[in-house]
Amino acid sequence: MAGLTDKVILITGASEGIGRALALALAPLGCKLVLSARNESRLLSLAHELASQGHDPCVFVADVTNRFQCQQLIDTSIEHFGRLDILVNNAGMSMCSKFDDLIELDILELMMKVNYLGPAYLTHAALPELKKNQGQVVIVASVAGLTGVPSRSGYAASKHAVIGFFDSLRIELVEDNVAVTTICPDFVVSEIHKRALDSHGRPLGDATVQESKRLTAEECAKMMVPVISSRGRFFITSMRGRLGRLLKLFAPRLIDKIARSAVASGH
Ligand SMILES: NC(=O)c1ccc[n+]([C@@H]2O[C@H](COP(=O)([O-])OP(=O)(O)OC[C@H]3O[C@@H](n4cnc5c(N)ncnc54)[C@H](OP(=O)(O)O)[C@@H]3O)[C@@H](O)[C@H]2O)c1
């Protein structure tokens, strides 16, 4: 992946799951990493692990729902390494409740703030620098941004929103040669399912998941690296996701059934 050597890459949601695995996959390629999330001790433990392999990442604690902190995160990244080439909008949060069972309606707003507005704020703050460097924005969306998902309506809405937003931005940025790369993971083993908010807005704790049938975060990150390196436009991690996207045009009810049974069986 010669295209990534010496690139300054900011990864949000780097304290866990896919973001953490992506940092560990990118560092050996010679990338200079900025790691961000809210949990400082987890970020520092990742930075420590990377330092033991000879890397020297920058750590900055920020909540992507806070516009001011988003600006500070971008400013700090540029100050620390002298430039920013790639912004990876990976931080995300999910929910698990049928809409008519939902008691805490703030969940809907939170999904939008974390999964859509956060990436929009960060990208707005980063754009002058990314234009200067003919850089790249990566958005870790979801297959839930391509189809309806029962009990994840607010999550699916936020992922549809972020995909539509970055599809629009990609067209706006053609002349600036800033690439927009949308990645849609299918189910991946991570904490997101346990941290998903229930109908009261509390973390679910336990989730029905069949880990054996899912990608690990490391496998997902490994698939993402060449897509980022080649400045790819759009990537879905699973074959069923790729086929489902086409099939939805001809057999939308079948896709609804598949979504229902995937959520019910946890894979
Ligand atoms: N796992 C899946 O099955 C799956 C499938 C499709 C798409 N995705 C997407 O992949 C991305 C990564 O998810 P994951 O599975 O790796 O989940 P995860 O293990 O729960 O990690 C989520 C990351 O986002 C950070 N985060 C959450 N809210 C934040 C906020 N307000 N501000 C800043 N950081 C925040 C978390 O760190 P802190 O708590 O420390 O802030 C954590 O580092 C998400 O966008 C998710 O929607 C995941």
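Is C58 buried or exposed? The points below take up this residue and then the aromatic contacts.

1. **C58.** This is a predicted model. In it, C58 has a relative accessible area of 5%. That value falls under the 20% limit, so C58 is buried.

2. C31 takes part in none; its nearest cysteine sulfur belongs to C58, 15 Å away. C58 is likewise in no disulfide, and the nearest cysteine sulfur to C58 is that of C31, at 15 Å.

3. **C31.** The relative accessibility of C31 is 9%, so C31 counts as buried. C58 is buried as well, at 5%.

4. **Aromatic pairs.** A search of the whole structure returns two aromatic pairs. One of them joins Y116 and F165. Their ring centres lie 5.8 Å apart, with 65 degrees between the planes. The geometry is edge-to-face.

5. **What the Y116 and F165 pair connects.** Y116 belongs to helix 4, residues 106–132. F165 belongs to helix 5, residues 153–172. The pair therefore ties together parts that are 49 residues apart in sequence.

6. **Exposure of Y116 and F165.** Y116 has 23% relative accessibility, so Y116 counts as partly exposed. F165 has 26% and also counts as partly exposed.

7. **F165 and F166.** The ring centres of F165 and F166 are 5.0 Å apart. Their planes meet at 80 degrees, so this pair is edge-to-face. The limit for that class is over 60 degrees.

8. **F166 and the cluster.** What is the relative accessibility of F166? The value is 0%, so F166 counts as buried. Y116, F165 and F166 make up one aromatic cluster.

9. **Arginine over F187.** Which residue lies over the face of F187? R214 does, at 4.4 Å from the ring centre.

10. **Arginine over F234.** R245 places its charged end over the ring of F234. The distance to the ring centre is 4.3 Å.

Note on methods
Residues numbered from 1 in each chain as written. Predicted model: local features only at pLDDT ≥ 70, side-chain atom pairs only at ≥ 80, totals over all residues. Heavy atoms only, no water. Phe/Tyr/Trp six-rings, centres within 6.5 Å; stacked < 30°, edge-to-face > 60°. Helix = DSSP H or I, 4+ residues; strand = E, 2+ residues; numbered from the N terminus. Buried < 20%, exposed > 50% of the residue type's maximum accessible area, 1.4 Å probe, protein only. Lys NZ or Arg CZ within 6 Å of the ring centre and 35° of its normal. Disulfide = S-S within 2.5 Å.
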